[in-house]
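Try each task before reading its solution.

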Amino acid sequence: DECGNNLPELIESGKILTQAKLLPIPPTESILMLNKRQLQLAWVRYSFIQSGYAHSQKNGPFFVCRNIAQPMVAISKMLKKPPILSYDAYTLYNWKRRDPGGPIKVDNLELIQTFLNHSQHPYQAWFILIHVEIEALAGTAVRNIREAVLAAEREDDAMLESALINIDSVLDEILKTMKRMTEGTAPETYHLIRRWIMYFEN
């Protein structure tokens, strides 16, 4: 957690390339003992640290030191994912509520992990958290799609109509949320985020 919390400062100072090599390599046994939420958090932390490390290198071919690579590979095997920053680490597992009892809405959310200092670059969080709210809304639409399919199979017109109305309502809410994107980020700032989430290979 310490390296993850300090990642914006390490990237900005260029120290990420030296500090990452000092990270302790956790035994595979300790990774295997993580519960689901701990594993997700480790995935977020290592994914960001790895991407920050790779994209802080001036010239390719890019490489990742074993202090990052070994735990990253171990975690990726447990999650059955390629060992590189993915949408779930970047967005789906990377948020928490400000008010624990409040809604999953962008104004009630904050990021767990960032590449850039939040106070200087708040648009980074806004960009990601808009997607979190959209994903939360989309879950209702997916459930209603299932209901619509079942209704069609049963030839239940009332059930089908209700499901389709719900889907339409959710899509309206998703569009409203998407239109809020420009409240906190813009094309002029997006390129500052984009470099850290690009794919890389050696």
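Predicted model: local features only at pLDDT ≥ 70, side-chain atom pairs only at ≥ 80, totals over all residues.

**Exercise 1.** Find where serine 76 lies, and decide whether serine 76 is buried or exposed.

Solution. Start with the place: serine 76 sits in helix H6, residues 66-79. Next, take its relative accessibility, which is 4%. Buried means under 20%, so serine 76 counts as buried. Finally, follow the side chain of serine 76: it reaches the backbone oxygen of valine 73 at 2.8 Å.

**Exercise 2.** Examine the salt bridge between lysine 105 and glutamate 133.

Solution. First, the distance: the two side chains meet at 3.6 Å, N to O. Second, the places: lysine 105 is in the loop between strand E1 (95-97) and strand E2 (109-111), and glutamate 133 is in helix H8, so the pair ties together parts 28 residues apart in sequence.

**Exercise 3.** Classify both partners of the salt bridge between aspartate 88 and lysine 81.

Solution. The N to O distance is 2.8 Å. Aspartate 88 has a relative accessible area of 7%, so it is buried. Lysine 81 has 28%, so it is partly exposed.

**Exercise 4.** Which residues gather in a patch of negative charge on the surface?

Solution. The patch holds Glu155, Asp156, Asp157 and Glu161. Now place one of them: aspartate 156 lies in the loop between helix H8 (123-154) and helix H9 (157-179). Its relative accessibility is 32%, so aspartate 156 counts as partly exposed.

Definitions and conventions:
Residues numbered from 1 in each chain as written. Heavy atoms only, no water. Patch = residues over 30% accessible without salt bridge, like charges linked within 9 Å, V, L, I, M, F, W, Y side chains within 5 Å. Areas by Shrake-Rupley, 256 points an atom, 1.4 Å probe, with all protein chains shown as cover. Salt bridge = Lys/Arg side-chain N within 4 Å of Asp/Glu carboxyl O. Lys, Arg positive; Asp, Glu negative; His and termini not counted. Charge placed at Lys NZ, Arg CZ, Asp CG, Glu CD. Helix = DSSP H or I, 4+ residues; strand = E, 2+ residues; numbered from the N terminus. Buried < 20%, exposed > 50% of the residue type's maximum accessible area, 1.4 Å probe, protein only. Polar contact = N/O pair within 3.5 Å; in protein donor to acceptor, adjacent residues only side chain to side chain.
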